[in-house]
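Me: I would like to learn how to read salt bridges in a structure, so please take me through them.

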Amino acid sequence: MIEVNQVTKRFGSFVAVDNLTFAIQPGEVLGLLGENGAGKTTTMRMMATVLQPTSGDITVDGFSVSRQSMQVRRRIGLLFGGDVGLYGRLTARENISYFGMLYGMEERALSERIIQLSRTLQMEEYLDRRVSGFSRGMKQKVAIARSLVHDPAVILLDEPTTGLDVSAASVFRRLIADLRQAGKTILFSSHNMGEVEKLCDRVVIMHRGRLRFVGSIAELKQRYRLDDLDDLFMRVVGGEHDE
Ligand SMILES: Nc1ncnc2c1ncn2[C@@H]1O[C@H](COP(=O)(O)OP(=O)(O)OP(=O)(O)O)[C@@H](O)[C@H]1O
Ligand SMILES: [Mg+2]
């Protein structure tokens, strides 16, 4: 479970995240939406203990990101967008394996888990090839596998499907469905409203650091009496006076 309690993050005088409050339950998939610069990555970085909130706190399974960062780190799986930071000279298997060892996994459990994940993500074919020659989508799959190798209870994925093709995105959706079934707490950010509707129980829409909406897509449609997802998004982030 993740609880965000009145969290504000300032960079100098700039307020990137403004008094944000919401929670995600185990077995729930929550989508984090917002325009570029809305504060999604900053929020996730605070959850991951990479950044400290200026005020307020976040707890992960009851542990505070500011006071109990080690306990938090042990419980989370992380994937951040952009450069996924794999070692080009290592193979996919070695990259994932290295990460699992950092988490203190035993060799046998680790190698079984890698086989299982690479099957699910359909990356067996290139598991033993060097990552340096991989396409963007192939790298993204390796990064997803790496973030899940230690079977974390809480999963934070920042734009995980960027660069994935249609079939890879569908493989990813199945994986998320399995993880939800297993009772994991899952947060992911996206710019793809269709994907969010398919995957998420609820969404949080942020705008300029503030929470604009939290609830299901069905509730969102009902509130604005609109069906088109992009129109809905524009409605929520458009008017300055809502909420
Ligand atoms: N380290 C930093 N120093 C200064 N400003 C920052 C820093 N990190 C983020 N910001 C600012 O905070 C705001 C929110 O950025 P953030 O990366 O959280 O947005 P985002 O919602 O993830 O956007 P995108 O959809 O483009 O990924 C932006 O205005 C950004 O410039
Ligand atoms: Mg971002």
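The dialogue below goes through the salt bridges of this predicted model.

Reply: This is a predicted model, in which local features need pLDDT of at least 70 and side-chain atom pairs count only at pLDDT 80 or more, while totals for chains, interfaces and linings use all residues. Residues are numbered from 1 along each chain as its sequence is written, chains are lettered from A and ligands numbered from 1 in the order in which they are written, and side-chain values use heavy atoms, with hydrogens and water left out.

Me: How many salt bridges are there by the rule?

Reply: Side chains of opposite charge can pair when their charged atoms come close. With a salt bridge taken as a side-chain nitrogen of Lys or Arg within 4 Å of a carboxyl oxygen of Asp or Glu, the count is 11.

Me: Which parts of the chain does the pair of Asp128 and Arg93 link?

Reply: Their side chains form a salt bridge at 2.8 Å, N to O. Asp128 lies in the loop between helix 4 (107-120) and helix 5 (136-148), and Arg93, 35 residues apart from it, in helix 3 (residues 92-102); helices here are DSSP runs of H or I, at least four residues, numbered from the N terminus.

Me: What separates Glu112 and Arg108 in helix 4?

Reply: They are 4 residues apart, about one helical turn, and their salt bridge spans 3.3 Å, N to O. Arg108 is exposed at 63% relative accessible area, whereas Glu112 is partly exposed at 45% (buried is under 20%, exposed over 50%, partly exposed in between, with a 1.4 Å probe and protein chains only).

Me: Which residues are linked in a network?

Reply: Salt bridges join Arg113, Asp151 and Lys184 into a network.

Technical notes:
Helices (H or I, at least four residues) and strands (E, at least two) are DSSP runs, numbered from the N terminus.
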